[in-house]
Amino acid sequence: MLECKTEMEGHNMQIAVLSGKGGTGKTTVSTNLAKAMGWQYVDCDVEEPNGFIFLNPKITKTEKASIPVPKIDPIKCVGCQKCVKICQFNALAWVNRDVLFFDKLCHGCGACSLVCRYNAISEVDREIGNIDVGNDGEIACLRGTLDIGEPMAVPIIRNLKKMIGNENTIIDCSPGSSCTVVASIEGVDYALLVTEPTAFGLHDLKIAIELVRNMNIPFGIIINRASDEKDLIEEYCEKEKINVLEKIKFDKDIAVLYSKGRMLVEHDKYKDLFLNIGKRIEEEVSCNLL
Amino acid sequence: MKIAITSVTKDKESVIDERFGRCNYFAIYDTESKSFEHVENKGVTSSQGAGIAAGQQLLDCGVEAVITGYVGPNAIRVLQGGNVAIHKFTGKSIQEEINLFLDNKLEKINEAGPAHAGMQNRNGRA
C-alpha cells in the first residue's frame, strides 16, 4: 500500500457517483464524502441539482452555459441543402425555399456550418442554463442547472467539467445510464455505484455496471439502506467479484437529518463512515495507477 | 396531386397509422395516375425529430396533402411551411379516406397534437 501512496502524489482524483436507479442516495453519499474528505463537489445532475441544498455553499460566481447553434444568412444561402442533409438530429429542414431551424433539437455539433460552402452559416450562442461556482468555507462547490424546458443536458455537463479545479473531486451524476451519465463519468479515475437492496436497485445497478465496464472505469459499490443480513446486492457482487466498499445501514437518524437538509457528517459516527469510504477509494485509485 | 396517408403496412388495405412522425410507411396516392406508391418513413428510425424528417421527406416527394391522426408541433411547422394541407382520418380504409378527401369531406388539422406522442406505440399499433 505504501508504494501505491507514492504514486498518488501530484495526481488529483476525479470520482463519479452514479447509481442506475434514482433515489438510492447519490447526493447523500457525494456531499458527505466531499465534506468528510475535503474534496471539491460538482453537481452534474443538471436537470435537478440538489447537492447545494445540503452543502449550502456561498455562491461567488454564476456563469451562463450555452451551446453554439447555426444562424443562417438568407442572402448567402443558395439552397444547396447540404446543412439539412448533414444534420443527424433533424434540427434543420428545407421548407418553401428556406432553411427552417429547430433550436431545441440542435446538439451544437457544428456540422452544418462546416459543410456550408457559401459561408451562409455562422454560429451563435444559445443559453441553456447556468453554472454556479461557490464554496462552503471548506470545500469548493460547482453546480450546473439546465433551464426549464431545455432538453439537452450534455453540453452544460461538458462546460461544467471544464471548470473543475485541479484537486480531488466528487462528481454527483444524474440517475440512469444515458448520455448525461456518460458525459459526467467520461475520464474519471473511479466510479462509486450507490444502490439499495431491492430488485429495482439490483436491476438498474447491473446496467450501471455494464456502462462503467464498457468505459473501463474501475468501480466499487455502496449499498445504502442496508440491513445486517446478506442481501441480494452482496450476493450478486460476490458472484461477479465486485468490490462492496461499504454498507450504509438503514437508520431513522439519517432520514431525520436528510429531511431537515442537514449533513450526516455533522455526527461523528457518520463522519467516520465517510472517512472510511474515502480512504478505501484512495487506496483503490492509487493501486489502479500502478 | 400527391396525397400521403400514414400507413401501418405497405399495402393498399393497410390500417391507417394515427401517428405522423413515427408511422411505418406513407401510402402516397397520385390523383393523376390513380396509383399508390409506398415509401418507408425516414422519421421512424430517427433518434429525435421524427416528425421533421417525415415532413421533409414528404415535401421532397412533392406531396401536397396528408391524411393522418395527429401531427406534432415540429412536424406541423414543416408541413404548414411547405403549404401541405393536413387532414384527419375518420377510421375508414385508405381508399375511402382518399375519396372523402377528394370530396372535401375530411376535417382539417390546424393545430399540433402533443410532442412525442408517437413514441408511446413504437412497435406499430393494432
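How many residues does the contact take from chain A and from chain B? The contact takes ten residues from chain A and 14 from chain B. This is a predicted model, in which local features need pLDDT of at least 70, side-chain atom pairs count only at pLDDT 80 or more, and totals for chains, interfaces and linings use all residues. Residues are numbered from 1 along each chain as its sequence is written, and chains are lettered from A and ligands numbered from 1 in the order in which they are written.

**View 1. The contact between chain A and chain B.** Two residues are in contact if their C-beta atoms, placed from the backbone, lie within 7 Å. On the side of chain A that touches chain B, strand E4 (residues 92-95) of chain A gives the most, with three residues. Helices (H or I, at least four residues) and strands (E, at least two) are DSSP runs, numbered from the N terminus. By class, this side of chain A has eight nonpolar, two polar and no charged residues. Ala, Val, Leu, Ile, Met, Phe, Trp, Tyr, Cys and Pro count as nonpolar, Asp, Glu, Lys and Arg as charged, and the others, Gly among them, as polar.

**View 2. Chain A and its two domains.** Chain A holds eleven helices and eleven strands, and its C-alpha trace spans about 70 × 45 × 40 Å along the principal axes. Domain 1 covers 2-39 + 167-289 and domain 2 covers 67-126; these bounds come from an automatic or database domain assignment. The centres of the two domains, taken over C-alpha atoms, are 42 Å apart. Of the contacts in chain A with a separation of 6 or more, 75% are between residues 24 or more positions apart.

**View 3. The nine-stranded sheet of chain A.** This open sheet has the order E3-E6-E7-E2-E8-E1-E9-E10-E11 (chain A), with mixed pairing. Two strands pair if DSSP finds at least two bridges between them. Strand E3 (58-72) and strand E11 (244-249) of chain A are the edge strands, and each pairs on one side only. On average, neighbouring strands of this sheet are turned by 20 degrees against each other, direction ignored. Helix H2 (residues 26-37) of chain A packs on the sheet, and among the strands it touches are strand E1 (14-18) and strand E2 (40-43) of chain A. The direction of H2 makes about 165 degrees with that of E8(A). Axes are lines fitted to C-alpha atoms, for helices over the stretch in contact, and angles run from 0 to 180 degrees between N-to-C directions.

**View 4. A strand pair in chain A.** Strand E6 (residues 121-135) and strand E7 (residues 140-146) of chain A run antiparallel and are joined by seven bridges. In this pair, A:Ile131 stands opposite A:Gly144 in E7(A).

**View 5. The loop at A:Asn90.** A:Asn90 lies in the loop between helix H4 (82-86) and E4 of chain A. Its phi is near 55 degrees, a positive value in a residue other than glycine. Most residues other than glycine have a negative phi. A:Asn90 counts as buried because it has 26 C-beta neighbours inside 10 Å. A residue is buried if 20 or more other C-beta atoms lie within 10 Å of its own, exposed if 12 or fewer, and partly exposed in between, with C-beta atoms placed from the backbone.

**View 6. The five-stranded sheet of chain B.** From the N terminus on, the elements of chain B run β-β-β-α-β-α-β-α. The open sheet has the order E3-E2-E1-E4-E5 (chain B), with mixed pairing. Its edge strands are strand E3 (35-40) and strand E5 (85-88) of chain B. Strand E1 (residues 2-7) of chain B is largely enclosed by the rest of the structure, because five of its six residues are buried. E1(B) pairs with strand E2 (residues 25-30) of chain B in the antiparallel sense over six bridges, and B:Thr6 stands opposite B:Phe26 in E2(B). E1(B) also pairs with strand E4 (residues 65-68) of chain B, in the parallel sense over three bridges; here B:Ile67 in E4(B) is the bridge partner of B:Ile5.

**View 7. The segment at B:His116.** B:His116 is in the segment after helix H3 (94-102) of chain B. Phi of B:His116 is near 60 degrees, a positive value in a residue other than glycine. With 13 other C-beta atoms within 10 Å, B:His116 is partly exposed.
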